[in-house]
Amino acid sequence: MRNIRESKRQGLSSRKEEALEMEEQQIRILVADNDVRVRSALQMLLRQEPGLVISECSDLEGLLIQVKEFKPDLLFLDWELRGRPATALLFAAHAPGFRPKTIVLSGRPESEQAALAAGADAFVSKADPPERLLSTFRRLVHESGKGVAN
């Protein structure tokens, strides 16, 4: 009887370990954009990639909460997100002791230099084709060492 209980406990703990390991392998993505259509399109595009957990927000307050609680590995940040000047948004997204990889999105391609100078890891114009966004995403995932995306 004792051996059966021990086996069940071991089985449960190994399942918990497997679940934790799978969770660690997943990449947490946060999409922060004013426009619900952009958030939906990004989610649809990203859901084609394996191993992602995706969350979203539409303003600065949501961004700050999500960065603190969700702890994304990668952030898609709308450069025109409501709440603060663009460079302050990037600073806010990079909480002390925690800095997700960040892809800045903007409808203004001329914002690229300012975004990169402010600390963004990459910039993608909202006018760029989806393939550019995916290749940028995959490059950053590869650089982070998570290795989930192709």
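Guide: Ala, Val, Leu, Ile, Met, Phe, Trp, Tyr, Cys and Pro count as nonpolar, Asp, Glu, Lys and Arg as charged, and the others, Gly among them, as polar. By this scheme, the lining of the largest pocket holds nine nonpolar residues, one polar and two charged. The model is predicted: local features need pLDDT of at least 70, side-chain atom pairs count only at pLDDT 80 or more, and totals for chains, interfaces and linings use all residues. Numbering starts from 1 along each chain as its sequence is written, and side-chain values use heavy atoms, leaving out hydrogens and water.

Visitor: Which residues line the largest pocket?

Guide: A pocket is an open set of points on a 1 Å grid, where a 1.4 Å probe fits, with protein on both sides within 12 Å along at least five of seven lines; lining residues have an atom within 4 Å of a point. Here they include Val38, Leu105, Lys126, Asp128 and Leu133. Helix 2 (36-46) gives the largest share, four residues. Strand 5 and helix 6 also give two or more each.

Visitor: In what order do the strands of the sheet lie?

Guide: Strands of a sheet pair through backbone hydrogen bonds. Strands are DSSP runs (E, at least two residues), as are helices (H or I, at least four), numbered from the N terminus. Pairing needs at least two bridges. Here five strands form an open, parallel sheet, ordered 2-1-3-4-5. Strand 2 (52-57) and strand 5 (122-125) are its edges. Five bridges join strand 3 (74-78) to strand 4 (101-106). Leucine 77 faces valine 104 of strand 4.

Visitor: Which strands does helix 6 touch?

Guide: Contact means heavy atoms within 4.5 Å. Helix 6 (130-144) touches strands 1, 2, 3, 4 and 5.

Conventions. Axes are lines fitted to C-alpha atoms, for helices over the stretch in contact, and angles run from 0 to 180 degrees between N-to-C directions.
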